[in-house]
Amino acid sequence: MKTVFVTGGAGFIGSALIRLLIAESDWRIVNIDKLTYAGNLESLGGAGRDARHVFSHSDICDRQAMDALFAQYRPDGIIHLAAESHVDRSIHGPGDFIQTNVVGTYTLLEAARAYWSTLAEPERGAFRFHHVSTDEVFGSLGPTGLFDETTAYDPRSPYSSSKASSDHLVRAWQHTYGLPTLITNCSNNYGPYQFPEKLIPLMILNALAGKPLPIYGKGDNIRDWLYVDDHARALRLVFERGQPGATYCIGGRNEKTNLQVVDTLCRLLDQQRPRANGRRYEELKTFVADRPGHDQRYAIDAGKIQRELGWTPTESFESGIAKTVAWYLDNGEWIAHVQSGAYRQWIDQNYSQRQS
Ligand code: NAD
Ligand code: TYD
């Protein structure tokens with residue numbers, strides 16, 4: 001049985017990956033997560049209670065804790081998702097982004113290298129350090145063109161520059177020390193269990209509460225949306241079959257302006273949960289000041305992962321967004337716990353137990 005570390009496994013994408021791996025593999029998963037505001041163990045569902053899921057409440061910046069985990073569990077590889085992930089937060093306070101995304105990735109690389117260098121073949125050659133990154137490292141596109149694995153880095157926000165830094169560190173550890181690394185750069189994800197600071201869940205929850213739907217600038221910025229479970233499948237495929245040292249771009253070829261996304265959400269909510277006052281959700285759309293340095297357009301050419309590993313997304317934007325709206329309408333308990341902060345009780349209980 002393989003043992004795989006997943007960092008950030010209580011987050012949006014990490015929890016989707018663990019749900020997939022517990023359901024569809026026989027691997028033991030060690031989920032390493034600090035449980036920041038974005039970490040929520042409730043997002044794991046039944047997978048969180050499976051005997052093959054081990055949770056470690058740890059900070060990836062803590063070298064001693066990372067060394068102890070490598071020594072205890074002797075993993076076959078690591079899929080590294082732990083990060084500060086929200087651009088707006090990075091603009092208001094970049095410090096945590098440098099700490100977790102840059103220093104944390106460095107710490108994990110060093111802990112992984114120390115462990116990997118003790119391995120004998122064939123484990124040494126089979127080990128993988130898979131770093132999960134974003135298309136935002138490539139900067140901003142004009143009206144035409146696509147990002148691919150050959151695109152030069154040009155990050156523009158504190159978030160994307162911290163992710164770019166971590167990508168460079170991972171490549172350097174492969175080039176210099178021979179650590180068998182993989183990097184994936186994915187476009188914007190959406191789907192169940194996404195924290196309501198990101199565009200799609202924020203708009204759904206604001207609409208349901210009758211609050212304004214804040215659209216930055218003119219709403220003409222474009223993102224290339226991918227349903228989170230399609231990303232999770234791509235991550236598993238790259239981890240298992242990707243070429244060590246390689247990069248893979250992942251995206252759904254679902255370019256939409258922010259206005260198109262918000263209009264779609266309003267239309268679906270009008271159908272699935274009409275407002276009590278008989279009015280349309282689109283009346284809540286509110287244009288607000290633009291995000292500083294707002295990237296205009298992201299779009300991914302996912303040709304390499306399709307050709308080499310046979311990955312294609314299963315959800316179109318239309319099918320994925322309808323599922324997503326239905327999920328938020330059906331999962332009031334998860335939403336209520338996030339909104340009330342009750343999802344953080346796990347930390348309070350465990351900290352008080354540890355201290356007593
Ligand atoms: P998220 O913010 O939902 O989750 C991040 C998780 O990391 C949380 O559970 C948090 O508790 C944990 N974490 C944060 N700092 C930590 C630390 N120091 N030590 C241990 N755990 C820590 O993020 P997400 O949207 O699931 O993104 C996961 C990864 O995928 C990130 O690396 C992100 O850059 C990348 N990514 C995200 C998207 C997207 O659209 N969300 C797209 C492409 C790539
Ligand atoms: P976001 O979900 O924060 O992802 P990212 O910035 O990583 O692409 O934002 C997606 C797009 O939606 C981005 O162009 C900013 C815009 N946006 C708004 O217009 N209003 C909002 O309240 C938020 C959170 C985002």
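A: Asn-31 counts as buried because its relative accessibility is 0%; buried means under 20% relative accessible area, exposed over 50% and partly exposed in between, with a 1.4 Å probe and protein chains only. The model is predicted, so local features need pLDDT of at least 70 and side-chain atom pairs count only at pLDDT 80 or more, while totals for chains, interfaces and linings use all residues. Residues are numbered from 1 along each chain as its sequence is written, chains are lettered from A and ligands numbered from 1 in the order in which they are written, and side-chain values use heavy atoms, with hydrogens and water left out.

Asn-31 belongs to strand β2, residues 28-33. Strands are DSSP runs of E with at least two residues, helices are runs of H or I with at least four, and both are numbered from the N terminus. The side chain of Asn-31 makes a polar contact of 3.2 Å with that of His-53. A polar contact is a pair of N or O atoms within 3.5 Å; within protein, one must be able to donate a hydrogen and the other to accept it, and residues adjacent in sequence count only if both atoms are side-chain atoms. Leaving aside residues up to four places away in sequence, the residues that Asn-31 touches include Val-6, Gly-8, Ile-18, Leu-41, His-53 and Phe-55; contact means heavy atoms within 4.5 Å.

Next come the ligands. Ligand 1 is surrounded by 28 residues, the closest being Ile-13, Asp-33, Ser-85, Tyr-159 and Lys-163; a residue is near a molecule or strand if one of its heavy atoms lies within 4 Å of it. An oxygen atom of ligand 1 is 3.4 Å from a backbone N or O atom of Leu-35. Asp-59 has a polar side-chain atom 2.9 Å from a nitrogen atom of ligand 1, and Ser-85 has one 2.6 Å from an oxygen atom of ligand 1. On its own, ligand 1 exposes 830 Å², of which the protein buries 97%; these areas come from the Shrake-Rupley method with a 1.4 Å probe, and for residues only the protein chains shown count as cover. Two or more residues of this shell come from each of α1 (12-24), β5 (128-134) and α6 (158-177), and β5 gives the most, with three.

Ligand 2 has 19 residues around it, and Glu-136, Pro-214, Arg-223, Arg-291 and His-294 come nearest. A backbone N or O atom of Pro-214 is 2.8 Å from a nitrogen atom of ligand 2. A side-chain N or O atom of Asn-258 is 2.9 Å from an oxygen atom of ligand 2.
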